Amino acid sequence: MSPLCLMKIVWRQRALVSSFEPGLAARRGLLVYCGKRAATLGALFGEDIMHSSRRDFFKTTGLCAAALAAPAAADRDETAKHPEIAWSRKVPVRYETDVAVVGGGIAGVCAALAAAKSGARVMLVERFAVCGGNATIGGVGAFCGETSGQGEAFDAIVADLETWNAIAPYQPYEEKEARVFDHEILAIVLQEILLRRKVKLLLHTGFVDALEKRGRISECVVCGPSGPEALRAKQFIDCTGEAMLVRMAGFDTVKGRPEDGYQLPMSLMYFVRHVAEEDARPQLPEGWLNPVRTKDELPMSSIWPNGPRANALKLKVPMFDATDTESLTDAEIQARRRMMEVLDYYQRVEKRPWLLDHCSPRIGIREGCRMVGDYVLQLDDLRAARTFDDAIARGVFYLDGHKPDDEKRTYIIPEEQRWVPPYQIPFRSLLPRGARNLLGAGRCFSADQLALSSARVMTTCSMMGQAAGIAAAMAVEAGCDPRDLEYTAIRKTVVDRGARLDV
Ligand SMILES: Cc1cc2nc3c(=O)[nH]c(=O)nc-3n(C[C@H](O)[C@H](O)[C@H](O)COP(=O)(O)OP(=O)(O)OC[C@H]3O[C@@H](n4cnc5c(N)ncnc54)[C@H](O)[C@@H]3O)c2cc1C
């Protein structure tokens, strides 16, 4: 047992009940403005889309649609209605490391791998049983964008997937936009590669809070099966997707589109297996939910092969907020109901010989909160293929901005405007404004919503993660803040490790 275990920090919560969350008015004012916003939403959807199952859902959960959605700008001014408590307790500083990565999605894994390769002691905190985030627990089994030239961290993952015969052969992005892999095998590949590099993993461990003073984080509080404990590190990297560490440390974040805060919609991944005709049957009991009866009623529902005699399906679940506890809960409930309503259509109406095999344990999240960094990457930067002296990553994927407020296959901008040329991401977009020993990478990096709609693909998130890991390790070695590093040195290491930044 490390002597650190004997030390304790006093962790004072400024206030419970989410009052420390920027944009918290979204939840605070809900009960007050429910009625008003519900009417707005009805008008927005129109009766044809907001069919009875959605209405029933809102009724039975006791929430109106507005309560599920991100806040409109005006609603953000609602004052707090919740009582507050002050909360203080001593927790052991059980862990100490050079670099702490919070969130084990593709960005967090690549950040941890890169920092460890640079010789730093690294810990990775992940709240689920496996690493991979959307790529494993979200069931998203395809790398979009260019899968070569992303850097050695991503290359190492792909090489292991190839060894396991669990990824499609390479094709350049220009020929194929996505490279499929086996997401169950990815979970094993990620844990093994992290352990080979001596990254200390804390699974089933949620990040809870950060102790911050004058821009510097000393510890973060995590909670796993052992209860709340502190993790002390020299550098922290937020790869939670929801910018949870950035938010809890009190730095700025934004979410959704500027006019009303609606985020890119979530989608549920689920999987069916093909059975013999005599075993095929509808699984939704008669009289349950509101099954889809015609093709026109289907929400956006993609289907593709998932190995022999199996399919993967993706279901759009719009109008929920991934950064709000109640809203995410409601999204999961709605998603599973909708999955059965849609599956019933395929089983009963189209007579497909499918049975539900499994459903991803967590709904797929495209957008949570985005940190506000020293630089906010804008759509215009992508369109202009703007170059940056501190470029550390490159994106190539088109603007995949699903429309946030309907469940059909619709996009924020017209088809002909979705292409972008290869573009660069600057290091400053990984530096939360005002923070000193904190970086952020992956889908919570600093960008506007449409820039995110491209850069959120896993290849690009991996590049950001790798760069953050490199910079954090360099800062540890130099004993300075990442912001004070020579950006050209970070960029050089990124390139030396095989990342292509040319545009
Ligand atoms: C339905 C859907 C389909 C998609 N399709 C594709 C595709 O085909 N190809 C592609 O390349 N991209 C696709 N994307 C986008 C891509 O999957 C994600 O943007 C990408 O995986 C984000 O990686 P990340 O590491 O930034 O975040 P995430 O994958 O979300 O990982 C964040 C991790 O942080 C953990 N975490 C969060 N909060 C805490 C906490 N408090 N404590 C501890 N751990 C925490 C989470 O559990 C998670 O493991 C899709 C996304 C969705 C939702």
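1. Axes here are lines fitted to C-alpha atoms, for helices over the stretch in contact, and angles run from 0 to 180 degrees between N-to-C directions. The model is predicted: local features need pLDDT of at least 70, side-chain atom pairs count only at pLDDT 80 or more, and totals for chains, interfaces and linings use all residues. Residue numbers start from 1 along each chain as its sequence is written. Helices (H or I, at least four residues) and strands (E, at least two) are DSSP runs, numbered from the N terminus.

2. Start with α6 and α7. The axes of α6 (residues 152-163) and α7 (residues 183-196) come within 10 Å and cross at roughly 125°. That makes α6 oblique to α7. The scale is this: under 35 degrees is roughly parallel, over 145 roughly antiparallel, 65 to 115 roughly perpendicular, and the rest oblique. α6 and α7 cross in the right-handed sense. A crossing is right-handed if the near helix is turned clockwise from the far one by less than a right angle, and left-handed if anticlockwise.

3. The α6 side of this contact is A156, I157, D160 and L161; α7 brings I185, L186, V189, L190 and I193. Contact means C-beta atoms, placed from the backbone, within 7 Å. The classes are 8 nonpolar, no polar and 1 charged. Nonpolar covers Ala, Val, Leu, Ile, Met, Phe, Trp, Tyr, Cys and Pro; charged covers Asp, Glu, Lys and Arg; the others, Gly among them, are polar.

4. α6 also packs on α5. Their axes are 9 Å apart, at an angle of about 110°. That makes α5 roughly perpendicular to α6. The crossing is right-handed. C110, L113 and A114 of α5 meet A153, F154 and A156 of α6. This contact has 6 nonpolar residues, with no polar and no charged ones.

5. α5 (residues 106-117) has another partner, α12 (residues 458-478). Their axes come within 7 Å and cross at roughly 35°. α5 passes α12 in a right-handed crossing. Residues in the contact include G108, C110 and A114 of α5, and G465, G469 and A472 of α12. The contact divides into 16 nonpolar, 5 polar and no charged residues.

6. Which elements each supply at least two residues of the shell around the ligand? They are α5, β4 (142-144), β7 (206-213) and α12. In total, 38 residues surround the ligand, and the closest are G103, G105, G133, G364 and G442. The shell divides into 18 nonpolar, 13 polar and 7 charged.

How values were computed:
Two residues are in contact if their C-beta atoms, placed from the backbone, lie within 7 Å. A residue is near a molecule or strand if its C-beta atom, placed from the backbone, lies within 6 Å of it.
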